[in-house]
Amino acid sequence: MARLLGNDQTSLMSSRVLGLVRASHPEPAAAVTTVAGLLAWGVGHRPSGIASVVLAVLASQLAVGWTNDALDAERDATVGRTDKPVAAGAVGRRTTAWAAAAAAVACPLLALTTNPTAAFWLTVALVSALLYDWPLKATAFSVLPYAVSFGALPAFVVLALPGEPAPPAWLLTAAACLGAGAHFANVLPDLADDARTGVRGLPHRLGPGGSRTAAGTLLLAATAALVL
C-alpha cells in the first residue's frame, strides 16, 4: 500500500511538473533563450557570460509564459483550449502563479551576475512583457510590449559584456521590428477565440488582412535593418 501511494504521489508530481513545462510556452521560450545565447556567443561573451545571459533570459521567458497561462486560465477554459495545461486542470492556477513569481524574481538576480546596467535592460524587457499579459493585451497598444521587450533583449546581451559597450542602433531596431511583427503573426490563429472572450488588441482591430500586412512589413523592416 505504501509503495502504491508513493507511486501515485510520484506520478502526480511528474504530471504537475510536465504541466508547468507545457504552461511555460516551451517552444518560444526555448527559441528566444537560444537566440540570446547565440547572440552572446557572437558578440564575444566568455562561457560564464553566455551562461549568465542564457539563465537570465530563460527565467524571463518562464515568468512571462507562466503569467500568461495563469491569467488566461478562465478565458482558455471558455474557448475549450485543451492544449493549455492550467485550463485543462493539468496544473493548478495558483501553482503556476507562484512559479511565475519565482521566475520573475530570479530574472533580475541572474542578470545582476553580469552588471547593473545590463540587468536594468533585461528587467525592462521582463516588465514590458508582463504588461502585455495584463493589461495591454486587450488594448490598441498591444504591440508596444513586443517591440520594447525584443528591443531591450539585445541591449542586455551587449551591455553585459565587460566595459558595457553601447549596443548598435541597427540591432535594437531590427529586434524591435522582429518582435512587433511576431505579435501580429502569433495572434492570427487566435483571433476568433480572442473575440469570444473580449480581447481586442491591435491585431484584432486591424483584422486578419491588416495583421498579415503589418507582420510582413515589420519583418521586412527587420531584415532591411540587418542587411543595410
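**Aromatic rings and a helix pair**

Y132, Y146 and F150 form one aromatic cluster in this predicted model. Residues are numbered from 1 along each chain as its sequence is written. In this predicted model, local features need pLDDT of at least 70, side-chain atom pairs count only at pLDDT 80 or more, and totals for chains, interfaces and linings use all residues, while side-chain values use heavy atoms, with hydrogens and water left out.

Q: Are the rings of Y146 and F150 stacked or edge-to-face?
A: Rings of Phe, Tyr and Trp (its six-membered ring) pair if their centres lie within 6.5 Å; planes under 30 degrees apart count as stacked, over 60 as edge-to-face and the rest as tilted. The centres of Y146 and F150 are 6.3 Å apart. Their planes are at 10°, so the pair is stacked.

Q: Which helix holds both Y146 and F150?
A: The two residues are four residues apart, so about one helical turn separates them. Helices here are DSSP runs (H or I, at least four residues), numbered from the N terminus. Y146 and F150 lie in helix α8 (residues 143–159).

Q: Is Y146 buried or exposed?
A: Buried means under 20% relative accessible area, exposed over 50%, partly exposed in between (1.4 Å probe, protein chains only). F150, with 27%, is partly exposed. Y146 has 18% relative accessibility, so Y146 counts as buried.

Q: What kind of aromatic pair do F120 and W121 form?
A: A search of the whole structure finds three aromatic pairs. In the pair of F120 and W121, the rings are 5.3 Å centre to centre. With 80° between the planes, this pair is edge-to-face.

Q: Is α2 roughly parallel or antiparallel to α3?
A: Helix α2 (residues 26–42) and helix α3 (residues 47–71) pack with their axes 9 Å apart, at an angle of about 155°. Axes are lines fitted to C-alpha atoms, for helices over the stretch in contact, and angles run from 0 to 180 degrees between N-to-C directions. Angles under 35 degrees count as roughly parallel, over 145 as roughly antiparallel, 65 to 115 as roughly perpendicular and the rest as oblique. That makes α2, relative to α3, roughly antiparallel.

Q: Which residues is G37 in contact with, leaving aside its neighbours within four places in sequence?
A: G37 lies in helix α2. At 10% relative accessibility, G37 is buried. Contact means heavy atoms within 4.5 Å. With those neighbours within four places left aside, the contacts of G37 are I50 and V54.
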